[in-house]
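Please examine the following protein model together with its sequence.

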Amino acid sequence: MAYENRALNDSMLNIPSEPRGAFTGSNQFILQVLTVPHETEKSPQTVLDREHVPFFAVNEDAKKSTRDQLRAIGPWCRQKAKNIFRKKTLYKRLPFLSWLPRYSGADAVGDLVAGITVGLTVIPQALAYAGIAGLPAAYGLYGSFMGCFVYIFLGSHKDVPMGPTAIASLLTLQASKGVWQRSVLLGFLTGLIEILMGILGLGFLLDFVSGPVNSGFTSAVALVILSSQVKDVLGISASGNTFIQMWSSIFEHIQDTRLWDTVLGILCIIVLMLMRKITSIKIGPENDGDKTTVQKIVNKLLWLIGTSRNAILVVICGGIGACLHSTGQQYLKLIGDIPPGLPAFQPPPFSIPAVTNGTEIIQEEESFSEMVSQLGSGLIVVPLIALLENMAICKVFSEGKPIDASQELLAIGTANVVNSFVQGYPGNGALSRGAVSHASGSRTPMGSLYTGVLVILALLFFTPYFYFIPRAALAAIIIAAVVFMVEVRVIKPMWRSKKSDLLPGLATFVACLALPLEFGILVGIGINVVFILYHSARPKISIELCATTGVNTKYLMITPDRCLIFPSTEYVRNLVNKQGIKSQTPVVIDCSHIYGADYTAATVIETLVRDFDSRGQKILFYNLKPSVVHVFEGVDNHILVYYDFDALERVINEK
């Protein structure tokens, strides 16, 4: 039976776990379907007689002409366009089409409560995170409303409130050095890159960031952010992009510590820690059904107070700041003026004009290419970390539902592009806000609508009052939040499960403290890749001395545990040769776990077969997948592959 112009594969032949027969030949394969009687077998190199044995002949695919390939482009494009505009694809890329027709009154109430609660969290966080990015407080609010509206239509998860985050703000600072034009342009370019990654389906890049590397990165970022806020708690001026630089600068200016700022900052941290515990206080019986109405109301109030602790603290401290400011004394450092009203809707800045003060140049002119050059590796790291943060939220609150990383990239990418038109810097979902949204009973992404509206109302009506918020209070909000990002709890289970995983995690942690964050995470990823390559280059190989049934002929069974690819081939060849010379018995390579191979492996197998032939020693292959045989035959390997164990033992017994 001949199969013309078709590739031979496992599914076509439907070969069981131990099928019968052998492969041999160079340009054409012969698959023995029936067991060959003992008397018809001459030697391991004997080619099966085609007249007596049924076989499959497989020819190489006929190559299509260039004209035929060009003609196929049109139908291919039409098919792709048809797939894009299918109802299933449309619902996948516009998720709101799935939940909006089923939107109910209960959904609206849940989203309203969640949206307002998250809004009370977003506003003080946005004011604080802008300081981490080295920008005026207003830019935190500018990046906190348009993305919310975009995510309603493109977002695939209900608990991802878009806006500035601590990690994104710190990465923005390191990339843009506190220049608002660069920060806004970074948001625009980050969004474009995220959209491109979503279109190309590059969400798999997250697979290269392992759990230990992620934990090391997150913990280091938390300490860097905490360090960046110590200066505001102490009321001093300090600078630096890395952990070491920040603390060096803090110690240089420690003598300038301001008493009132320090006292207020420390008190705010203590109060926030205590208010955080309020959310876990429950009044009445453990079972909600047994609680009275009063107990339920009290529990809800306690939860709301604990959840809105940042907003409550900002209001109280703002009042304190206003009272002290009215005395005419500068007791506290305040965040100062915030321009009232919404920002102008305009394209992001693609150049920076020169700013001079008489003969002194305050800001040099920068072209678009110079701005991009200044942003550097931040253009790659910021999108990846944004996706990492977003996917972390989705995984925590997905309740077992599948997550589409490509759709999340499209959603946060579009949100960042639109944000840049209102002078917003890069943002994404934050785990803290996601937890608030989930605990508040959000039902759909519509909750982001109310969060965005609340931020707009704050910009329209409350910016004059933001002037009196002490910087120490905002610093306390950040410190109280990020201190819980240090993942000390993962060390013990990591030590118990696999101690070697501590190495990339610890290396990432140290590198992120000593170096800029983008280089730190690259160090961790690089170490992970080295580990992967090492395991690929050194597969585990079991070696067992066996004997045939009846005749009791000794042979060596060697079983690699993974695919044969170029890093591991020389290692496997040397080991097989060494064991073959040592045992002086036939060698059988059990290929049950080898599902793939490459050209380098094929050439090494060819050399290995020649090594055994030169010694007059048998080397046989057992259970090798036909797809791998195709690779080996590409370099004219003459190998025998057996699928029937009895036939294999008969060949071993032959002298």
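**A guided reading of the model**

Asp261, Gly265, Cys268, Ile269, Leu272 and Met273 in H13 meet Ala472, Ala473, Ala476, Ile477, Ile479 and Ala480 in H21, where contact means heavy atoms within 4.5 Å. By class, ten residues of this contact of H13 with H21 are nonpolar, one is polar and one is charged; Ala, Val, Leu, Ile, Met, Phe, Trp, Tyr, Cys and Pro count as nonpolar, Asp, Glu, Lys and Arg as charged, and the others, Gly among them, as polar. The model is a predicted one, in which local features need pLDDT of at least 70 and side-chain atom pairs count only at pLDDT 80 or more, while totals for chains, interfaces and linings use all residues. Residues are numbered from 1 along each chain as its sequence is written, and side-chain values use heavy atoms, with hydrogens and water left out.

Two packed helices are described by the angle between their axes and the distance between the axes. Helix H13 (residues 259-278) and helix H21 (residues 471-482) pack at an angle of about 40 degrees, their axes being 8 Å apart. Axes are lines fitted to C-alpha atoms, for helices over the stretch in contact, and angles run from 0 to 180 degrees between N-to-C directions. The crossing of H13 and H21 is right-handed; a crossing is right-handed if the near helix is turned clockwise from the far one by less than a right angle, and left-handed if anticlockwise.

A second pair is formed by helix H10 (residues 180-200) and H17, which pack at an angle of about 65 degrees with their axes 9 Å apart. The crossing of H10 and H17 is likewise right-handed. On the H10 side the contact includes Leu186, Leu189 and Ile193, and on the H17 side it includes Leu379, Val382 and Pro383. The residues of this contact of H10 with H17 comprise nine nonpolar, two polar and one charged.

Which residues have the most contacts inside the largest nonpolar core? They are Leu170 and Phe466, in a core of 100 residues. A nonpolar core is a set of buried Ala, Val, Leu, Ile, Met, Phe, Trp, Tyr and Cys residues joined through side-chain atoms within 4.5 Å; buried means under 20% relative accessible area, exposed over 50%, and partly exposed in between (1.4 Å probe, protein chains only). Helix H17 (residues 378-397) gives the most to this core, with eleven residues. Leucine 170 touches Ile132, Val221, Val224, Ile225, Met246 and Leu517, leaving aside residues up to four places away in sequence.

Serine 169 lies in helix H9 (residues 166-176) and is buried, with a relative accessible area of 0%. Beyond residues up to four places away in sequence, serine 169 touches Tyr129, Ile132, Ala133, Pro164 and Tyr425.

Glycine 580 is found in helix H25 (residues 566-583) and is also buried, at a relative accessible area of 0%. Glycine 580 and glutamine 617 are 37 residues apart in sequence and 8.2 Å apart in space, C-alpha to C-alpha.

Over the whole protein chain there are 28 helices and twelve strands; helices (H or I, at least four residues) and strands (E, at least two) are DSSP runs, numbered from the N terminus. Buried residues make up 49% of the 655 residues in the protein chain.
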